[in-house]
Amino acid sequence: MKIAWAEVRQVELPLVFPFETSFGRQDTHSCLLIRLGTDGLEGWGEVPVETAPLYNEETTGTAWHILERFILPLLLGREIAHPQDFPPLVRHLRRHHMAKAGVEAALWDLYSQQREIPLAKALGGTRQAIEAGVSLGIEPSVDALLARVTDFLRRGYLRIKIKIKPGWDVQVVREVRRAFGAIRLQVDANSAFTLEQADVFRAMDEYDLLLIEQPLGEDDIVDHAALQAQLRTPICLDESIVSPDDARKAIQLGSCRVINIKAARLSGLSAAVATHDLCQQRGIPVWCGGLLETGVGRAANLALASLPNFRLPGDVSASDRYYHEDLIDPPVTLNRDGTITVPASPGLGFRVALDRVEKHTVRKATFKS
Ligand code: OSB
Ligand code: MG
């Protein structure tokens, strides 16, 4: 497939309710959408950055710059036989994983449309439905959090993840356990603690959490190994794993027993599949994380999560957990059993709603070779 043109948009979508993590509170998701055109087909991908470099170092501004100046010029006018031919093309460009991942996602969409197979099948997916979990932010009070958990359990979510930070940690877990009993529960610290605070996690060990996500530094695997050695509960790394090689080293060091896979963090779906495969070979379960993606990004996450070693419920939730109006039709919905059906139609398996994309676009440019 020859890439004739590329459109990049910055989109701003208001969240249904504000989302607070240890690194900040947000009420809007800002991202870039990539639209690639061949003769006859269009593919879509999302760069799930925000305007500030809080989760990782990338922003809407850096991603736009790298796409315009470095990535798209390498792609435009070029014949790409398979999306896996894209990572070698941009390997010499250091980092900027999310910018790369958005383009690769659009190539996977194009490729699977061309082959007339679902994206899930193109990636090696085997499940027809995935188990849905939800990630709940830090709330102004424990009562407010308990109300959120009640709401999402009632909606049918099979697993609850709560964000933690120093001072909003063990006692919150205790309250959620007391109120809801043996639900599937896990926590995510987004790097807010240091090894000196290991006692917090030793105290959490008695609450039967599925896992503790990224308690320590976003680039650390050494202190995590020291912490994991003190805990019964598995540590799951998110921020620290940005390549399959990082996963290999973290597993070898004993820094974690579970890995969260986000294609955007890992530089693309190809690296996400490679990380999945490596973890599978080493007996490490993975699950699909999220970055508040619009339907464009979430459709790709859903396809990815259908691979066999995604053995824990992910942060792939229904459209209405995030947005009043998502950018795809139909929206992502939960089945009665708390699963989400993996689409069986070609490509992403959802229609991108151009009118709503247009309505939320704040910046747009088209590039040609
Ligand atoms: O660490 O998993 C994270 C959202 C933004 C940035 C980082 C994270 C998250 C989430 C929400 O936990 C995942 C989602 O529902 O998309
Ligand atoms: Mg996380």
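Three salt bridges are counted between domain 1 and domain 2, a salt bridge being a side-chain nitrogen of Lys or Arg within 4 Å of a carboxyl oxygen of Asp or Glu. The model is predicted: local features need pLDDT of at least 70, side-chain atom pairs count only at pLDDT 80 or more, and totals for chains, interfaces and linings use all residues. Residues are numbered from 1 along each chain as its sequence is written, chains are lettered from A and ligands numbered from 1 in the order in which they are written, and side-chain values use heavy atoms, with hydrogens and water left out.

**Domains and their interface**

- The chain divides into domain 1 (5-116 + 354-368) and domain 2 (121-341), with bounds from an automatic or database domain assignment.
- To the contact (heavy atoms within 4.5 Å), domain 1 gives 39 residues and domain 2 gives 42 residues.
- The C-alpha centres of the two domains are 23 Å apart.
- Between them the domains bury about 3400 Å², 64% of it on carbon and sulfur atoms; buried area is the accessible area (1.4 Å probe) that two parts lose on being put together, summed over both.
- On the domain 1 side, Phe17, Tyr55 and Arg356 lose the most area to domain 2, together 22% of what that side buries.
- Arg356 also forms a salt bridge with Asp329 through their side chains (2.9 Å, N to O).

**Ligand 1**

- Ligand 1 lies between domain 1 and domain 2, because both give residues to the shell around it.
- The ligand is surrounded by 16 residues (a heavy atom within 4 Å), and the closest are Ser135, Lys163, Asn190, Leu292 and Tyr322.
- An oxygen atom of ligand 1 is 2.7 Å from a polar side-chain atom of Asn190.
- For Lys262, a side-chain N or O atom is 3.0 Å from an oxygen atom of ligand 1.
- Leu291 has a polar backbone atom 3.4 Å from an oxygen atom of the ligand.
- Taken alone, ligand 1 exposes 390 Å², of which the protein buries 98% (Shrake-Rupley method, 1.4 Å probe).

Definitions and conventions
Polar contact = N/O pair within 3.5 Å; in protein donor to acceptor, adjacent residues only side chain to side chain.
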